[in-house]
Amino acid sequence: MSFTIAAVATSIAGLLLGFGWLFVGSLVLKRWGLEANPLGLLVGRRLGAAYVGIAIMLFLGRSAPPSALRSAVSIAMLVALALLAILGIVEFRAKRAGKGILVSVALEVLLAAGFATALAA
């Protein structure tokens with residue numbers, strides 16, 4: 001997968017997840033089998049703002065030529081997505097999250113693989 005495709009795909013996912021957290025965080029939590037509470041929603045909204053910012057950065061940088069900065073962004077996204085996938089599996093196995101989180105894990109693995117492929121190219 002090229003950097004452009006990985007960046008665009010991740011920016012779309014980030015926008016959807018970010019706006020989900022910002023405006024309907026309780027639905028995101030419900031999908032993961034978790035009960036919404038005010039503190040979780042507060043953290044979720046702040047996380048949503050970060051997701052939107054990262055999505056915009058990736059979308060605006062999608063056409064960047066190979067460079068040290070593009071490699072750094074790819075490595076950072078690969079690490080973050082891999083950690084999110086690992087955390088999702090850990091929470092699912094510990095029964096702190098429902099099977100809905102596995103959809104997120106699958107997407108995170110796919111996007112991480114995209115950035116890994118972009119780095120290898």
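**Fold and overall dimensions**

I read the protein chain along its sequence and noted the pattern α-α-α-α. The count I wrote down is four helices and zero strands, where helices (H or I, at least four residues) and strands (E, at least two) are DSSP runs numbered from the N terminus.

Before going further I noted that this is a predicted model, in which local features need pLDDT of at least 70 and side-chain atom pairs count only at pLDDT 80 or more, while totals for chains, interfaces and linings use all residues. Residues are numbered from 1 along each chain as its sequence is written, and side-chain values use heavy atoms, with hydrogens and water left out.

For the dimensions, I found that the C-alpha atoms of the protein chain fill a box of roughly 45 × 30 × 15 Å along the principal axes. I then looked up the radius of gyration, which is 15 Å and agrees with the value near 14 Å that a compact globule of 121 residues would have; the radius is taken over C-alpha atoms, and the globule rule is 2.2 Å times the number of residues to the power 0.38. Of the 121 residues in the protein chain, 31% are buried, and for these classes I used relative accessible area, with buried under 20%, exposed over 50% and partly exposed in between (1.4 Å probe, protein chains only).

**Helix packing**

I turned next to helix H1 (residues 3-31) and helix H2 (residues 38-60), whose axes come within 8 Å and cross at roughly 165°. This makes H1 roughly antiparallel to H2, given that angles over 145 degrees count as roughly antiparallel, under 35 as roughly parallel, 65 to 115 as roughly perpendicular and the rest as oblique. The axes are lines fitted to C-alpha atoms, for helices over the stretch in contact, and the angles run from 0 to 180 degrees between N-to-C directions. I recorded the crossing of H1 and H2 as left-handed, which is the term used if the near helix is turned anticlockwise from the far one by less than a right angle, clockwise being right-handed. The residues of the contact of H1 with H2 divide into 15 nonpolar, nine polar and one charged; here Ala, Val, Leu, Ile, Met, Phe, Trp, Tyr, Cys and Pro count as nonpolar, Asp, Glu, Lys and Arg as charged, and the others, Gly among them, as polar.

I then looked up H1 and H4, which pack at an angle of about 160° with their axes 10 Å apart. H1 and H4 are therefore roughly antiparallel to each other, and their crossing is left-handed.

**The loop between H3 and H4**

I went on to Lys95, which has its place in the loop between helix H3 (68-93) and helix H4 (101-120). Lys95 has a positive phi of about 65° although it is not a glycine, and Lys95 is exposed, with a relative accessible area of 74%.

Arg96 lies in the loop between H3 and H4 as well, and I found Arg96 partly exposed at a relative accessible area of 48%. Arg96 and Leu34 are 62 residues apart in sequence, yet their C-alpha atoms are 7.8 Å apart in space.

Which side chain meets that of Arg96 in a salt bridge? I found Glu91 there, with an N to O distance of 2.4 Å, the rule being a side-chain nitrogen of Lys or Arg within 4 Å of a carboxyl oxygen of Asp or Glu. By this rule the count comes to one salt bridge. Glu91 is partly exposed, with a relative accessible area of 26%.

I looked up Ile86 in helix H3 and found it partly exposed at 49%; the C-alpha atoms of Ile86 and Val109, 23 residues apart along the chain, are separated by 9.2 Å.

Ile89, in helix H3, is partly exposed at 39% relative accessibility, and 9.9 Å separates its C-alpha atom from that of Ser104, 15 residues away along the chain.

My last entry is Ile56 in helix H2, which counts as partly exposed at 43%; its C-alpha atom is separated by 8.6 Å from that of Gly14, 42 residues apart along the chain.
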